Amino acid sequence: MTVNENRFLADLHKLREFGASGIAKGVVRPAYSDADIAARRWLAGRMEEAGLRPHFDPVGNLFGMAPGTSLLMGSHSDSQPEGGWLDGALGVIAALEIARSSDRPISVVSFQDEEGRFGVTTGSAVWSGTLDLAKADTLTDHSGTSFAAARSSMSDMAQGFVDPARFSGFIEMHIEQGPTLDAEGDLIGVVTDIVGIRDMVISFEGQQNHAGTTPMHLRRDAFQALSLFNAEINDRFQNVVTPQTVWTIGHVDVHPNASSIVPGRVRFSMQWRDGDADRLRRMEEIIRGVAQEVADRVGMDLSFGPMLGLEPVAMDQRLRLALEAGAEQIAPNQWRRMPSGALHDATNVSRLMPVAMLFVPSINGISHDFAEDTSESDLVAGLNVLGQAVEQL
Ligand code: GLV
Ligand code: MN
Ligand code: MN
């Protein structure tokens, strides 16, 4: 198989134009935004030109179907609210290039809402049966828009769900989004397993009041509750976590967010990740327990949103060995096996078929930021490893 490196890079740059931020190579292309839908329409056209049959499912996942049974390859083309040009996009365009270069049947997919505007890898979670569609429809983004309303914006294009039995396996190429390959000078990472994740929204509700007249001892300040909660979990986690465990409060909505008002309500995201499901469970106990203690101490009403999550999963050995053989051919002694600390659609797809993943370096380990980047020679090396692996399967 001879891949066309220039065509691959040109399509990757073309996809970046949909939602281009104007800062570095960043993109703003959240799931179901105008830019996301326009990008998906363009991708559908490119799939058709490659001889694949475009198929949008009821949640906006876009498949480019090869006839008969095929190997599925791809990733996602939605982005974070401030995202990079490669997160997801690389895996989709690499899959497209392999599909149009190979004489084997390769189907291509761009999953919808991998970045979790509504849930955690929402589109592939619904397709794989990890998340019930009726439950997904009730999920809301931070502005209160429901998944049901958002996906209806693509309903004019929607056909049914694709039968997973059409596919013999799934391979996803992605940027590492972390520092390891870049720091070690390696070109390729072959993924061994993907960590698990838990994600939920927590709310403290106290009493909104005047910031000048309300004595400190009478306040029920929601921001103070969050501040206590954060300090306390950081402390209590110390007995439970490993250096690989991570946790993040990434979205905070303080109400009404004004200098002269004691905030009456705070709603925030609490997310934690680890490769051990039991550790995720113990962290959940700490989170729920500490939130209740803080609420009792400072007089808050406490509520928890729906608990979302994905379990840790291992990659399929046969597919992984094919990627390792390709890596050894293209980048001898410059590749490594590694776990993925980022979440991927491959986690959900692993419920349906064998899956494997390939990483290329992220410059300075930066991702989920406009500055995310990878050298073009590394992107092409990854594409060639993918091509070699497909040849061998
Ligand atoms: C996916 O983008 C993740 O948050 O790991
Ligand atoms: Mn991604
Ligand atoms: Mn991402």
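User: Is alanine 134 buried or exposed?
Analyst: In this predicted model, alanine 134 counts as exposed, because its relative accessibility is 53% and the cut-off for exposed is over 50%.

User: Which helix does alanine 134 lie in?
Analyst: Alanine 134 belongs to helix α5, which covers residues 133–138.

User: And how far apart are the C-alpha atoms of alanine 134 and phenylalanine 147?
Analyst: Those two C-alpha atoms are separated by 9.9 Å, and the residues are 13 apart along the chain.

User: Changing topic to the metals. What coordinates the manganese ion that is ligand 2?
Analyst: The donors to ligand 2 are NE2 of His76, OD of Asp87 and NE2 of His174, at 2.0 to 2.3 Å. Along the chain, the donors of this manganese ion follow the spacing H-x10-D-x86-H.

User: Where do histidine 76 and aspartate 87 lie?
Analyst: Histidine 76 is in strand β3 (residues 70–76), while aspartate 87 is in the loop between β3 and α3 (89–101), so the pair ties together parts eleven residues apart in sequence.

User: Are those two buried or exposed?
Analyst: Histidine 76 and aspartate 87 are both buried. For aspartate 87 the relative accessibility is 6%, which is why aspartate 87 counts as buried.

User: How far apart are the two manganese ions, ligand 3 and ligand 2, and which residue coordinates both?
Analyst: The two manganese ions are 3.5 Å apart, and aspartate 87 coordinates both. Aspartate 87, in the loop between β3 and α3, and glutamate 115, in the loop between β4 (106–111) and α4 (122–128), link distant parts of the chain, 28 residues apart.

User: Why does glutamate 115 count as buried?
Analyst: Glutamate 115 counts as buried because its relative accessibility is 13%, and the cut-off for buried is under 20%.

User: Now ligand 1. Which residues surround it?
Analyst: The residues around ligand 1 are Glu114, Glu115, Arg273, Ala342, Leu343 and His368. This shell divides into three charged residues, two nonpolar and one polar.

User: How far is a polar side-chain atom of glutamate 115 from an oxygen atom of ligand 1?
Analyst: The distance from a polar side-chain atom of glutamate 115 to an oxygen atom of ligand 1 is 2.7 Å. Arginine 273 has a side-chain N or O atom 2.7 Å from an oxygen atom of ligand 1. For leucine 343, a polar backbone atom is 2.7 Å from an oxygen atom of the ligand. On its own, ligand 1 has 200 Å² of accessible area, and the protein covers 89% of that.

User: Back to α3. How many of its residues are buried?
Analyst: Helix α3 is mostly covered, with 13 of its 13 residues buried.

User: On to the backbone. Is the peptide bond from histidine 255 to proline 256 cis or trans?
Analyst: The bond from histidine 255 to proline 256 is cis, with omega near 0°. Proline 256 sits in the loop between β10 (252–255) and β11 (261–262).

User: What is phi for glutamine 177?
Analyst: Glutamine 177 has a positive phi of about 70°, although the residue is not a glycine. Glutamine 177 is in the loop between β5 (167–175) and α7 (180–184), and counts as buried because its relative accessibility is 16%.

User: And asparagine 364, what is phi there?
Analyst: Phi of asparagine 364 is positive, near 60°, in a residue other than glycine. Asparagine 364 is found in the loop between β17 (355–360) and α12 (376–392), and at 60% relative accessibility asparagine 364 counts as exposed.

Key
Residues numbered from 1 in each chain as written. Chains lettered and ligands numbered in written order. Predicted model: local features only at pLDDT ≥ 70, side-chain atom pairs only at ≥ 80, totals over all residues. Heavy atoms only, no water. Near = heavy atom within 4 Å. Polar contact = N/O pair within 3.5 Å; in protein donor to acceptor, adjacent residues only side chain to side chain. Areas by Shrake-Rupley, 256 points an atom, 1.4 Å probe, with all protein chains shown as cover. Nonpolar A, V, L, I, M, F, W, Y, C, P; charged D, E, K, R; others polar. Donors = N, O, S within 2.8 Å, 3.2 Å for Na, K, Ca; no water. Helix = DSSP H or I, 4+ residues; strand = E, 2+ residues; numbered from the N terminus. Buried < 20%, exposed > 50% of the residue type's maximum accessible area, 1.4 Å probe, protein only.
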